[in-house]
Amino acid sequence: MYLLPAIDILGGKAVRLAKGDYAAVTEYNDDPVLQARLFEEAGAEWLHVVDLDGAKSGSPENLEVIRQILAKTALHVEVGGGIRSLAAIDALADAGVARVVLGTALVRDPEFAQQALEKFGPDMLVAGIDAKAGEAAVSGWTEGSGIGAEELASKMAAVGYEHLVFTDIARDGMQTGFDAAAYASMARAFGNPVIASGGLSTVADIQALYPIADAIEGVIAGRALYERTLSVEEGVAACKESLQMGSLEDEEKPLTLEDLR
């Protein structure tokens with residue numbers, strides 16, 4: 001498990017949305033590049049970037065900001081938001097991003113999602129599934145997809161995806177803690193550990209994932225870092241500590257990654 005501080009870019013600024021609502025925006029830093037450098041200086045090795053402008057428009061809008069982050073830090077950068085063409089992935093790959101998150105395209109254009117995987121491979125691509133009441137949401141969380149989140153996760157695993165970011169929209173930006181059972185269930189459906197997003201408030205929320213540590217690849221932290229209820233140092237340390245935990249457990253017996261597969 002590792003920590004991924006989040007920078008959501010809207011109008012060139014680092015912001016956070018409450019429950020994915022574009023009308024509920026909190027601005028945290030006018031300079032996303034500076035924010036990325038601060039995260040790195042505090043000990044982060046990964047960064048999760050969401051192009052909120054791109055998520056709404058359907059094509060990347062903040063590529064130059066992302067290029068600057070990559071040029072001025074040594075962070076492994078994961079990027080999502082409006083990536084719905086091979087050309088968009090090519091541009092991000094050329095810029096040096098470590099991973100690209102596909103969201104709406106998984107539902108609206110499964111042929112593209114498969115073509116992208118065939119071209120760029122499972123190490124480069126991430127299935128991004130954001131859910132409201134168990135239903136996968138699309139178009140910057142503004143629309144329902146009509147498909148269950150776990151069903152979509154299972155389909156992506158069958159295609160060959162090996163990384164998945166799962167966001168609980170109802171908790172995102174609300175600092176209400178993680179629903180550990182939901183992430184364990186998603187990991188079972190996907191057959192691989194998932195990256196948890198939505199609801200992180202304090203280090204105790206990361207520690208609450210320890211019993212299902214084998215189901216969690218990473219933890220995305222946003223508002224908690226900006227509002228200082230969690231520090232990068234605390235988050236990084238807690239994630240590293242999770243590596244010493246036991247296998248994923250259910251009510252009856254330990255469940256290993258082999259069981260997930």
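So, secondary structure to begin with: in this predicted model, the chain comes to twelve helices and 14 strands. There are 261 residues, and 53% of them count as buried. If you look at contacts between residues at least 6 apart in sequence, 68% of those join residues at least 24 apart. For those of you who like surfaces, the accessible surface of the chain is about 10800 Å², and carbon and sulfur atoms account for 47% of that.

Which of them gives the most? That would be H1, with three residues. If you want to click along on your screens, the lining residues are Tyr28, Gln35, Leu38, Phe39, Ala42, Leu225, Tyr226, Arg228, Leu230, Ser231, Val232 and Glu233. Sorted by class, that lining has eight nonpolar residues, two polar and two charged.

Let me pick out one of these lining residues, Gln35. You'll find Gln35 in helix H1. Is Gln35 buried or exposed? Its relative accessibility is 9%, and buried means under 20%, so Gln35 counts as buried. And what is Gln35 in contact with, once we leave aside its neighbours within four places in sequence? The answer is Ile7, Asn29 and Tyr226.

Note on methods: Residues are numbered from 1 along each chain as its sequence is written. This is a predicted model: local features need pLDDT of at least 70, side-chain atom pairs count only at pLDDT 80 or more; totals for chains, interfaces and linings use all residues. Side-chain values use heavy atoms; hydrogens and water are left out. Helices (H or I, at least four residues) and strands (E, at least two) are DSSP runs, numbered from the N terminus. Buried means under 20% relative accessible area, exposed over 50%, partly exposed in between (1.4 Å probe, protein chains only). Contact means heavy atoms within 4.5 Å. Accessible areas come from the Shrake-Rupley method with a 1.4 Å probe; for residues, only the protein chains shown count as cover. On a 1 Å grid over the protein atoms alone, a cavity is a set of points where a 1.4 Å probe fits but cannot get out, and a pocket is an open set with protein on both sides within 12 Å along at least five of seven lines; lining residues have an atom within 4 Å of a point. Ala, Val, Leu, Ile, Met, Phe, Trp, Tyr, Cys and Pro count as nonpolar, Asp, Glu, Lys and Arg as charged, and the others, Gly among them, as polar.
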